[in-house]
Amino acid sequence: MATAVRRRNIRYSKYDTVPYEAYDGSAARQLEREEVLQPRPVVRPRERAVVRPRVRVREAGAVSPFAVVGFLAVGVFAVLLLFSYARLMTISQQVVALNSEMTTLQSEEAKLRAQYELAYDLDAIQESLTTSGTMVEPQNGQTVYVDLSEPNTVKVFQQEDGTSGLEGMFQSVKSIAEEIVTYFR
């Protein structure tokens with residue numbers, strides 16, 4: 001590694017001496033005396049004093065009639081809203097009072113129904129009517145049982161035999177016309 005550094009130094013060492021007499025070792029070019037620029041004095045920009053911008057102020061004018069009407073409308077609606085809330089509160093209090101009255105009336109109804117049922121004992125009424133003879137106990141022959149175990153069928157008795165053909169058609173038209181006439185009478 002040391003040899004590589006030495007070689008590098010050897011290789012570039014020939015540029016250390018320049019055959020030109022004007023080269024002083026800097027990379028900047030030497031300018032003639034006229035070409036040398038003189039530094040300018042730094043001029044600060046003038047600071048402006050802060051001035052309040054002049055704003056044209058509009059003169060106070062008359063109040064718009066639409067604004068007055070709008071504020072009046074908002075006021076009227078606010079008053080109406082308050083009245084509606086007051087009305088709602090009174091109605092809700094009435095509903096609560098009516099609900100409590102309804103529960104008391106329902107309990108009273110249940111008591112009165114129980115008294116009504118106790119006032120009319122069906123066994124006592126049946127016994128008094130059977131002893132006086134106005135009511136009779138049903139006998140075994142009076143009981144009719146209907147057997148519904150079989151499927152539904154319809155049997156029509158005493159059915160008239162309809163005539164067929166042209167005569168049957170005339171009879172059916174005649175019966176339809178008679179039904180229409182009796183309907184509109």
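**Notebook: surface, helices and side-chain contacts**

I began with the accessible surface of the protein, which comes to about 20,100 Å², with 59% of it belonging to carbon and sulfur atoms; these areas come from the Shrake-Rupley method with a 1.4 Å probe, and for residues only the protein chains shown count as cover. I note that this is a predicted model, in which local features need pLDDT of at least 70 and side-chain atom pairs count only at pLDDT 80 or more, while totals for chains, interfaces and linings use all residues. Residues are numbered from 1 along each chain as its sequence is written, and side-chain values use heavy atoms, with hydrogens and water left out.

I then looked up burial, and found that 1% of the 185 residues count as buried (buried is under 20% relative accessible area, exposed is over 50%, and partly exposed lies in between, with a 1.4 Å probe and protein chains only).

For the fold, I recorded 4 helices and 0 strands, in the order α-α-α-α along the sequence (helices are DSSP runs of H or I with at least four residues, strands are runs of E with at least two, and both are numbered from the N terminus).

I checked confidence next: the average pLDDT is 80, and 77% of the residues score at least 70 (pLDDT is the predictor's confidence in each residue, from 0 to 100). Helix H1 (residues 2–12) has the lowest confidence, at a mean of 53, whereas H2 has the highest, at 95.

I searched the whole structure for salt bridges and found 1 (a side-chain nitrogen of Lys or Arg within 4 Å of a carboxyl oxygen of Asp or Glu). Glu109 and Arg113 form this contact, at 3.3 Å from N to O, and both residues lie in helix H2 (residues 65–119), 4 residues apart, or about one turn of the helix. I noted Glu109 as partly exposed, at 39% relative accessible area, and Arg113 as exposed, at 53%.

Turning to the aromatic rings, I counted 2 pairs (rings of Phe, Tyr and Trp, the last by its six-membered ring, pair if their centres lie within 6.5 Å; planes under 30 degrees apart are stacked, over 60 edge-to-face, and the rest tilted). Tyr116 is exposed at 56% relative accessibility, while Tyr120 is partly exposed at 49%. Tyr183 and Phe184 also make an edge-to-face pair, at 5.2 Å centre to centre and 80 degrees between the planes; Tyr183 is exposed at 66% relative accessibility, and Phe184 is exposed at 66%.

Finally, I looked at a nonpolar surface patch formed by Tyr116, Tyr120, Leu122, Ile125, Leu129 and Met135, with about 600 Å² of accessible area together (patches take residues with over 30% relative accessible area and no salt bridge, joining like charges within 9 Å and nonpolar side chains, Val, Leu, Ile, Met, Phe, Trp and Tyr, within 5 Å). Helix H3 (residues 122–132) gives the largest share of this patch, 3 residues. Met135 sits in the loop between H3 and helix H4 (166–184), and I recorded Met135 as partly exposed, at 31% relative accessible area.
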